[in-house]
Amino acid sequence: MQVIDTIYIDGAFVTPHGSERFELFNPATEQVIGHVRLADAEDARAAVAAAKRAFPAFSRTPQHERVAMLRRLHAAVAAREDALFDAIVEEYGAPVSRGRWMAQHASNVLRDAADVLEQYTFTRRAGTAQVTMQPLGVAGLITPWNSNAGFICGKLAAALAAGCTAVIKPSEMSAIQTRIVTEALHEAGLPPGVFNIVTGRGDTVGAAISAHPDVAKLSFTGSTAVGKSILRTGAETLKRVTLELGGKSPTIVLDDADFDLAVPLALQAGFMNSGQACIAGTRILVPQARLAEFEAKIVEAVAGIQSGDPRDPRTSIGPMVSRKQWERVQRYIRVGIDEGARLLAGGEGRPDGAPTGWFVRPTVFSGVTNAMTIAREEIFGPVLAIIAYRDTDHAIEIANDTPYGLQAYVCSADTARANAVAARIEAGRVLVNTLAHEPAAPFGGFKQSGIGREYGVAGLEAFLEAKAVIAA
Ligand code: NAD
């Protein structure tokens, strides 16, 4: 049983003022595995005050010193990879291959930010002006549960690279991962107050950070609904805001695609992170003329996909993170059936042989129209919708007919053709015949998938503001 009863403020592990006890679960067994004492709004204010005190000195640190700090943070988090991996599997239920990637990603983002910072030029000329990119101030960083350690480290890395100090509000459901990351970050020996980590509820700690006049920047990853409320709250003091929100990403299978490649790619894109991924390719657009062929191949492929014990290396879909998330996914499967979509695979209930645990059957619907609820709303579970299209223009029209615009996938035998389609998709990132991640590239959403970009130079500049000095 893990008992987490401290938060991290001003370089020290301290007992929170908040006293609420929140239970932590293993989603594969539904057992309570620990509890965390949650911070409250007063703790959030103490964390902001510490970050504010640390900002003047930290914002003036030489670039090379911050590069060195990021490299120390990277080494410290990398040294905890195994502990973090265990926590990710136990507390979040990630299958082992995904869990290993997530544990490594948490440290990699710190190294990537160090590399970006090393190459970055903070001053430049613009006509007669000298333009300097200056850190914004105290940054409030709010993260979700579906990749908690990676989001903490990624947002913190960009903020520190810029010279901002930070208050982090991680997901309350990921407190074991947060503790491991916090202990690692603490060991790197940064000045007190440069980063503070306060685990608490969103509507108390998150809201207090979003409203605080001494917070200059908010970087939030989570649902579109909460993102909008943060934007409204932050508007009162004109905070700079980066929002990474939901998605309903299309996987466009062009009519020349080799289905032996496209089907596994579409399933991996759709079921990644057990379907709990903002970038999951949940709408699979297939040419009407080849629909039956695609359906047959996908049914065969889904039969080989294991949803179950995350510690079994054959598993590619682990449990949903919580009972609430499991019930949400079940509700969407029922809505899909009720609205007349045709179940090709999966359906309601748990997979065979899983009496407990928040497991979902890998589910694929066909006969879906883009107007159906399961094609419009983010489900955040392993539930995919196949939508047939007439021709390429129709496919692009369907792909763009969504309030979201985070990511898209295009599969084709002809890369030039796929690139031409990618150019017409309204999404922040388009992957052509690949699932590869590029840490140097900006990441973020068009439309209601968000505002701003993370990673690379764009991610660094999201924590900076330009100042022009024009001298006689
Ligand atoms: P959520 O929006 O409920 O919570 C995200 C974070 O915000 C949590 O830390 C939560 O405590 C906090 N929060 C909640 N209410 C708040 C408030 N009023 N003020 C301030 N903070 C508040 O999302 P979730 O359920 O944790 O995560 C799932 C969602 O995250 C999905 O919609 C998914 O698409 C999205 N997501 C987006 C990305 C991306 O990069 N675009 C990545 C992962 C997840």
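The model is predicted: local features need pLDDT of at least 70, side-chain atom pairs count only at pLDDT 80 or more, and totals for chains, interfaces and linings use all residues. Residues are numbered from 1 along each chain as its sequence is written, and side-chain values use heavy atoms, with hydrogens and water left out. Helices (H or I, at least four residues) and strands (E, at least two) are DSSP runs, numbered from the N terminus.

**The ligand and its shell**

- The ligand is surrounded by 29 residues, and the closest are T143, K169, S223, L245 and E378. A residue counts as near a molecule or strand if one of its heavy atoms lies within 4 Å of it.
- By the kinds of residue, the shell around the ligand divides into 14 nonpolar, 11 polar and 4 charged. Here Ala, Val, Leu, Ile, Met, Phe, Trp, Tyr, Cys and Pro count as nonpolar, Asp, Glu, Lys and Arg as charged, and the others, Gly among them, as polar.
- Both domain 1 (2-245 + 447-470) and domain 2 (250-432) supply at least three residues to the shell. The domain bounds come from an automatic or database domain assignment.

**Polar contacts and cover of the ligand**

- A polar contact is a pair of N or O atoms within 3.5 Å; within protein, one must be able to donate a hydrogen and the other to accept it, and residues adjacent in sequence count only if both atoms are side-chain atoms.
- T143 places a backbone N or O atom 2.7 Å from an oxygen atom of the ligand.
- On its own the ligand has 840 Å² of accessible area, of which the protein covers 87%. Accessible areas come from the Shrake-Rupley method with a 1.4 Å probe; for residues, only the protein chains shown count as cover.
- The elements α7 (202-211), β11 (215-221) and α8 (224-235) each give two or more residues to the shell. Of the elements, α7 gives the most, with 4 residues.

**The sheet of three strands**

- Strands of a sheet pair through backbone hydrogen bonds, either parallel or antiparallel. Two strands are taken to pair if DSSP finds at least two bridges between them.
- An open sheet of 3 strands has the order β6-β7-β23, with antiparallel pairing. Its edge strands, β6 (123-126) and β23 (464-470), each pair on one side only.
- From one strand to the next, the twist averages 30°. Axes are lines fitted to C-alpha atoms, for helices over the stretch in contact, and angles run from 0 to 180 degrees between N-to-C directions.
- Strands β6 and β7 (residues 129-135) are joined by 4 bridges. R125 stands opposite Q130, and T123 has T132 as its bridge partner.
- The hairpin of β6 and β7 has 2 residues between the strands, and G127 takes a positive phi near 60° there.

**The sheet of seven strands**

- A mixed, open sheet of 7 strands runs in the order β17-β18-β19-β14-β13-β20-β21. The edge strands are β17 (342-345) and β21 (429-432).
- The twist of this sheet averages 25° from one strand to the next.
- Strand β20 (residues 407-411) pairs with β21 in the parallel sense over 4 bridges; Q407 has R429 as its bridge partner.

**Positive phi in loops**

- Most residues other than glycine have a negative phi.
- E30, in the loop between β4 (21-26) and β5 (31-37), has a positive phi of about 65° although it is not a glycine.
- K447, in the loop between β21 and β22 (450-451), is not a glycine and has a positive phi of about 50°.
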